[in-house]
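Q: I have a structure to look at before class. Can you take me through it?

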Amino acid sequence: MSGHSKWATTKHRKAAQDAKRSALFSKLSRNITVAAKEGGDPNPENNASLAAAIEKAKGYSLPKDKIKTAIDKAFGSGKDAANYETVQYEGYGPAGVAIFCEALTDNRNRTAADVRSAFTHAGGSLGTSGSVSFQFERKGQIMVAKEIETGDKKNPIGPNGAAADEDEFMMAVAEAGGDDYEDADEEWIVYTSPSDLMSVKKAIEEQGVQVKGAELTMIPSTPTEVSVTDAKKVMRLIDRLEELEDLQNVYHTMDITDEIAEALEEE
């Protein structure tokens, strides 16, 4: 178990999503609604998918009232009924970078047309089901800050329990049942199997460590090396896809090196 850099491939994407908070809130709410409906239970203790959706929403500071409204919508009727379906889109962007999209839509034709247009405009190609999904692995992802607010005016920031020391944190993650972890600057990213996400999160918290957020994600099994020029083209496609209201998550295999990360920040 060691902390290395899968995080670099998703760091830029997360920052882009944070910058579009109102659109992100809408997507998070839709995700909660579908998880509640598909799980058939509004209680997250009895619905693992809903629990994960709520944890992800909390990680992005979605207000509690919006979470409740999203859950209620799953069991509404008439105009308040939720009629979303889950759809996946797979394809290749510039430089052969594999791209995997997850959508929640109430109009499959509209969403497919929007996604196809984004790929075509960027010089990519939309593929068939299964064409790139084999290049990703579904994982649970838990974010843990190394330092937290203490509430003490003299020392407002302090260590987050075992998260302040790598050796201690490694032992805490192993004891909690996590698969792996990595160093992501000011926080740790813990990886779990999808089914163990919530149990590992709880086990970490029981050791006196505050958790920042938890969600399900897709990790590329073999990152694709690209040039800075191609990286900019790929990221323009990613940004365009993420702007689509129906798309919940967009994953890619592009290996974002330090050089590429700096170039993208200058865009």
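The chat below goes over a pocket, a sheet and a helix pair.

A: The model is predicted, so to speak of local features takes pLDDT of at least 70 and side-chain atom pairs count only at pLDDT 80 or more, while totals for chains, interfaces and linings use all residues. Residues are numbered from 1 along each chain as its sequence is written, and side-chain values use heavy atoms, with hydrogens and water left out.

Q: What volume does the largest pocket have?
A: About 450 Å³. A pocket is an open set of points on a 1 Å grid over the protein atoms alone, where a 1.4 Å probe fits, with protein on both sides within 12 Å along at least five of seven lines. The volume is the space filled by probe spheres set on the points.

Q: How do the lining residues divide into nonpolar, polar and charged?
A: Eight are nonpolar, seven polar and five charged. Ala, Val, Leu, Ile, Met, Phe, Trp, Tyr, Cys and Pro count as nonpolar, Asp, Glu, Lys and Arg as charged, and the others, Gly among them, as polar.

Q: New topic. What is the strand order in the open sheet of four strands?
A: β3-β1-β2-β10, with antiparallel pairing. Two strands pair if DSSP finds at least two bridges between them. The edge strands, β3 (125-126) and β10, each pair on one side only.

Q: Last one: at what angle do α3 and α7 pack?
A: About 55°, with their axes 10 Å apart. Axes are lines fitted to C-alpha atoms, for helices over the stretch in contact, and angles run from 0 to 180 degrees between N-to-C directions.

Q: Why call them oblique?
A: Angles under 35 degrees count as roughly parallel, over 145 as roughly antiparallel, 65 to 115 as roughly perpendicular and the rest as oblique. α3 and α7 are therefore oblique to each other.

Note on methods:
On a 1 Å grid over the protein atoms alone, a cavity is a set of points where a 1.4 Å probe fits but cannot get out, and a pocket is an open set with protein on both sides within 12 Å along at least five of seven lines; lining residues have an atom within 4 Å of a point. Helices (H or I, at least four residues) and strands (E, at least two) are DSSP runs, numbered from the N terminus.
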